[in-house]
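Dear colleague,

Please find below the structure for your review. My notes on the findings follow it.

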Amino acid sequence: SPAFTIEASDQDGDTLAYALVGPNAAFFQVNPNSGVVTVKSPLDRENGVTMLLDVTVSDAANLTPGRLTIILNDANDNSPIFRNTAFDVSVPENTAVGGSVFTFLAEDEDEGDAGVVRYSITEIIPAQGSEVFEIGAINGELKLKGQLNYNLLSSFYRLRVNASDLGGSCGSGNKVFKSSSVFAFITVVDMPDLDPVFISAPYIGSVEENSAVDTSVVRVTAIDQDKGINDNIIYSIADSTADGLFKISENDGIISISSAIDREVIGDTVTLTVKATESEPNVNGQPATTTTTVQVNIGDVNDNPPQFYNCEESCVTATQFTGEVFEHSLGAISIGMTVKDPDKSVRTELRLEGVDKDVFSVEPSLAASDSIVQLLVRQPANLDFEEKQQMVLQVIAIDKDKTTFQSTATVTINIKDTNDNSPTFAQDTYRIKVAEHSPVGTEVVTLTAEDPDTMDVGNITYSLLPESILEYFDVDPGTGRVYVKNNITLDRELRSLYSATLQARDSDGKPGTTVLEITLTDINDQPPIINRDLYREFVKEDGKLEFKIEATDGDEPSTVNSQIVFSIEESLHSGSFSIDANTGMLKNNAELDREALDLKDNGRINLTVIATDKGTPSLSGSVSVVIIVEDVNDNIPAFKSESYSFSVREGEKGASVGFVHAQDLDQTAEFNRISFSIIDGSFGSFIVRTSPDKEGYIGNITVDPDIELDYETDRKKFMLRVEAADLEQEKATVTVEVNVLDVNDERPEFKSGPAFSVNENTTLSEPFGRFVAEDKDTNHSLVYELESVKCRCSGKLTPCEWFTIDPSGDVRVNPAQTVDYEECDQAVIAAQVVDLYTEKGENNSVIPGQMVVNIVDVNDNAPQFIYSDSVF
């Protein structure tokens, strides 16, 4: 690839030839014609940063030597090299997390990023080692990020560690990275860090009560969990639910009896906590121990009689028990009795004795070693409180396997009275009247029921049924007083008769009932109701209106409460109408004129008709009556002004001239819509367009879009006649004067003028001539500008600067110039005129103005000889 170019020059411009010489020439190759040097052999900066290269350049006759110093830039051509010699490490398993294991060192001879080394772990076997080890990317230090465990994880790890540079270019433009890797072997050293563990757990043994001392029960076995270490195990009993009953062999873990066992004292099982301790301390210098639970089941021997217990609060032995039962009832009687036999797997027979034993039975008749005892009623008819209030029985418990074991308990049964009567009312039905809408709390009736049961005296409660009646009435539950609950819903017009059931319940909930028939009496509480929410009637202007308002009253018919009288509420238009007080017939009693109404009402008259009953106090209702007075075409259009005068500028096609306004007092579009037209005086120059506005219609008069008015013609004023017509061709006309306004739109023009003369050599400062132009526009401002001055010299017009022009058009001699007849005998001055007020079109003249100035000769020269080439 190209490396550099040798540059040389020759003053003669000869062709040059380039060559390389010297010891380093073998690394390069030069193009002899261009001097471009390319790399021939690989260059290694690590062998030397600089190189001396001898070169020559020659033309056909001469040769010039030179020496180049070449500086080699670094390329990423070296991989990191590990400098450690061994990668086999042993690490104790209790090394702390974060502790250093090993430090890797790699070096890279390149410079910059290509020489910076970064470390990483690319492979760990086994794979869970990735949770245990980590390496510092910069310093290569291998650390523990998780805890080693010889027994649970692994005792050996193989790591592949990679050293990589940060990359750099090498030959091509692309960035390359160099790396190398090594294998490291980590051996985990087992430490005594695990406690022993019992095998074959759980441990359960069995032995009968009263077994001989030293009888073997069960054996436990523990081992050391450290795989690389195996200490002896020493056994001991750390805890027991029955101290002193068992012992354990220190060396072999055999548990045996150490004293007499009574199951009824210690229970069915004894739980031992057995400890296993390693003979040597652990890695922390502490004893390595573990414990296990051993359950010893105690076998039973039948050596106890059954016993009665009272277990109502806490179980204690007892021989006297008490129970209660309602007369004539069936079912079990709880007496708080429990029969127990401390021995297991025994059967206890239960039986009754006593005068009243046939009224009851005992349950269960054959009990287990611990059973609840109840009495069951067999003859409920014999349980009669009125004849006998108490019965006494004996319960006998007998051990079925050893009948000599017996116990007896006395049970007293108290018989309780029951509520066996229901409340009753004096009548089956009560008929009651109450005024509708009576105030809340108004008493309707007070009724009480009787119950012969003494426990129900003063304990009867009252209620009303069904639940729906409670929306209207309720009852005092203690007194039987029925009262009004809701005076609003108590409405005769909705419902005049209510039927309810008054129920009485005694303390046991037994019911008695009677029927209440409640009739509502009428009051004047219903206002007249007009049969429509709104009356809407139509009538034409000057027409006759007649229609009927109808109403009803919900109070009782044929009474003053339901008789209705009609009237019209006083309002703006109520005087134009009348209504028959009895029939409700409504009529207009005056002529109706829609235009007399407010325009915003749109022909609408609002009345309120009131219907009032004759009750005390009287009630009334009202309804809105809307009368639409329909429009008729009884008005013609009218202009708002007697005449109009407008002005418009000339030359503007479609320009707005002005607006005419007209109004038709009819109130509907059918009759008040207006259209405008020009019927005279336009001469085809104007048009009118119609549009509505707030107070009628407007006619927008504009110049015809195809016409341009011209002030400069004779027609400077138009007298138009504009007509306004409604849809039925009712018409009105108005005169509109339109004045055409002048617009500065004409170009100025030069007037032809005489020729002027001026003496040569003059110093005259006053104007000697004047350009004159005219403009047809009434308002103009003309300014003159010099375009050119040409002098006739030797018969030919050439530019000169002898004259100037003022903005006003005055022509003067240029004081800086000398007018000389002998040079030029005539001048032609060209000028342009500009209208400063031009509003439309070009502002200058079409043809420039010209002025001829004759130069007058003055005798200002002496005679001169004219010589020729002739020889005298």
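**Findings on rings, strands and one serine**

The charged end of K716 is placed over the ring of Y711, at 4.8 Å from its centre. A second case of this kind involves K340, which lies over the face of Y309 at 5.1 Å from the ring centre. Please bear in mind that the model is predicted.

*Aromatic pairs*

A pair of aromatic rings is described by the distance of the centres and the angle of the planes. A search of the whole structure gives 21 aromatic pairs. One of them is formed by F133 and Y157, an edge-to-face pair with 5.1 Å from centre to centre and 75 degrees between the planes. Since F133 belongs to strand β12 (residues 133–135) and Y157 to strand β14, this pair ties together parts that are 24 residues apart in sequence. Both partners are buried: F133 has a relative accessible area of 3%, and Y157 has one of 0%.

The rings of F686 and F718 also pair; their planes are at 80 degrees and their centres 5.0 Å apart, so the arrangement is edge-to-face. Here too distant parts of the chain are linked, with F686 in strand β57 (residues 686–693) and F718 in strand β59 (residues 717–726), 32 residues apart. F686 and F718 are both buried.

*Strand β29 and its partner*

Strand β29 (residues 320–326) shows alternating side chains. β29 pairs with strand β36 (residues 406–416) in the parallel sense, over seven bridges. Within β36, T410 is the bridge partner of Q320.

Where does S154 lie? This residue is in the loop between β13 (141–144) and β14 (156–165). Is S154 buried or exposed? Its relative accessible area is 14%, and because buried means under 20%, S154 counts as buried. The side chain of S154 reaches the backbone oxygen of F156 at 2.8 Å. With its neighbours within four places in sequence left aside, S154 is in contact with P126, N149 and V188.

With kind regards

Terms used: Residues are numbered from 1 along each chain as its sequence is written. This is a predicted model: local features need pLDDT of at least 70, side-chain atom pairs count only at pLDDT 80 or more; totals for chains, interfaces and linings use all residues. Side-chain values use heavy atoms; hydrogens and water are left out. Helices (H or I, at least four residues) and strands (E, at least two) are DSSP runs, numbered from the N terminus. Buried means under 20% relative accessible area, exposed over 50%, partly exposed in between (1.4 Å probe, protein chains only). A polar contact is a pair of N or O atoms within 3.5 Å; within protein, one must be able to donate a hydrogen and the other to accept it, and residues adjacent in sequence count only if both atoms are side-chain atoms. Contact means heavy atoms within 4.5 Å. Two strands pair if DSSP finds at least two bridges between them. Rings of Phe, Tyr and Trp (its six-membered ring) pair if their centres lie within 6.5 Å; planes under 30 degrees apart count as stacked, over 60 as edge-to-face and the rest as tilted. A charge sits over a ring if NZ of Lys or CZ of Arg is within 6 Å of the ring centre and within 35 degrees of the ring normal.
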